[in-house]
Amino acid sequence: MDLNLKGKVAIVTGAGGGGIGTSVAYELAGEGAAVVCNDIDRGWADKVAKQINGQGGKSIATYADVASFEACTAMVDKALSAFKRVDILVTIPAYMGSGAFASSGMDSLHRVVDVTFWGTLNAIKAALKPMMAQRSGSIVCMGSDSARMMPRGESLYAASKAAIMTFTTCLAKEVGSSSVRINVVNAALVSTPGQEGLAGHYSRYYPLGRFPTSNEVAETIAFLASDRAAMITGQSISVNSGLL
């Protein structure tokens, strides 16, 4: 499907790591968007941006820690300086923590919320200003089926993802009059560089028989980011091979 993203400018936070964020950056670039590849790992941000440019696309790297609103503001300012507008924001970063809530240290617990929840809100808050001024924009947040399935050992992570879903539904009503849309894409386990060993054990629980790939999740995100999804906002969509 031609998503007609030529002339659009996208920011992808968490574009490194070779997982969903990297797939999203490549997918959006392949559809014609200029992509701002943000990652706290400078090497990864540079690598993804270089790959896009090497294939004839347009991309720059930024290095904001999304837990900082000031860093997210600088990220958006760099995008505006390079490309003059921001049409799409995709928020990927999350931190799952170190296990059970009762035995986790407070620093780890704060980091879960700072990266997973506030990292999403900080990027959105920074990007909303230019989007609302230009009266157009699409935001897609990476959610998780953990918010629905509530697995043991992921209480604060799951709660943070659930908060993002509620926030998205509310914000869609606030910014719709400015023609800004916001949606969430949820996934359970995904075939990424960190999940290969889990595939054989858990895939039997998936009705379609396998984990979705990061590219398949990225395709859904790109669709929601595009004008093809012009009437979709405030929604949470799971790409999870039918896991219920």
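Lys 8 is partly exposed, at 21% relative accessible area. On this scale buried means under 20%, exposed over 50%, and partly exposed in between, with a 1.4 Å probe and protein chains only. Keep in mind that this is a predicted model: local features need pLDDT of at least 70, side-chain atom pairs count only at pLDDT 80 or more, and totals for chains, interfaces and linings use all residues. Residues are numbered from 1 along each chain as its sequence is written, and side-chain values use heavy atoms, with hydrogens and water left out.

Back to Lys 8. Which residue meets its side chain in a salt bridge? Asp 227, with N to O at 3.3 Å. A salt bridge here is a side-chain nitrogen of Lys or Arg within 4 Å of a carboxyl oxygen of Asp or Glu. The two partners come from distant parts of the chain, 219 residues apart. Lys 8 sits in the segment before strand E1 (9-13). Asp 227 sits in the loop between H8 and strand E7 (236-238). Helices, H or I, are DSSP runs of at least four residues, strands, E, of at least two, and both are numbered from the N terminus.

How many salt bridges does the structure hold? Three. Next, Arg 111 with Asp 65, where the closest N and O atoms are 3.8 Å apart. This pair also links distant parts of the chain, 46 residues apart. Arg 111 is in helix H4 (residues 106-134). Asp 65 is in the loop between strand E3 (59-62) and helix H3 (69-83). Arg 111 is partly exposed at 32%. Asp 65 is partly exposed at 27%.

Then Arg 85 with Asp 87, closest N and O atoms 2.8 Å apart. Buried or partly exposed: what is Arg 85? Partly exposed, at 30% relative accessibility. Asp 87, in contrast, is buried at 5%.

Ala 33 lies between H1 and strand E2 (34-38). Ala 33 is buried, at 3% relative accessibility. Leaving out residues up to four places away in sequence, Ala 33 touches Leu 5, Lys 8, Leu 28 and Lys 58. Contact means heavy atoms within 4.5 Å. From Ala 33 to Val 48 is 15 residues in sequence and 14 Å in space, C-alpha to C-alpha.

On to helix packing. H1 (residues 20-30) packs on H8 (residues 214-225) at about 50°, axes 8 Å apart. That angle makes H1 oblique to H8. Under 35 degrees is roughly parallel, over 145 roughly antiparallel, 65 to 115 roughly perpendicular, and the rest oblique. Axes are lines fitted to C-alpha atoms, for helices over the stretch in contact, and angles run from 0 to 180 degrees between N-to-C directions.

Which residues of H1 meet H8? Ile 20, Ser 23, Val 24, Glu 27 and Leu 28. On the H8 side, the residues include Val 217, Ile 221 and Ala 222. The H1–H8 contact divides into seven nonpolar, three polar and two charged residues.

Last, H3 and H4. They pack at about 40°, with axes 8 Å apart. H3 gives Phe 69, Cys 72, Thr 73, Met 75, Val 76 and Leu 80 to the contact. H4 gives Asn 122, Ala 123, Lys 125, Ala 126, Ala 127 and Pro 130.

Note on methods:
Nonpolar A, V, L, I, M, F, W, Y, C, P; charged D, E, K, R; others polar.
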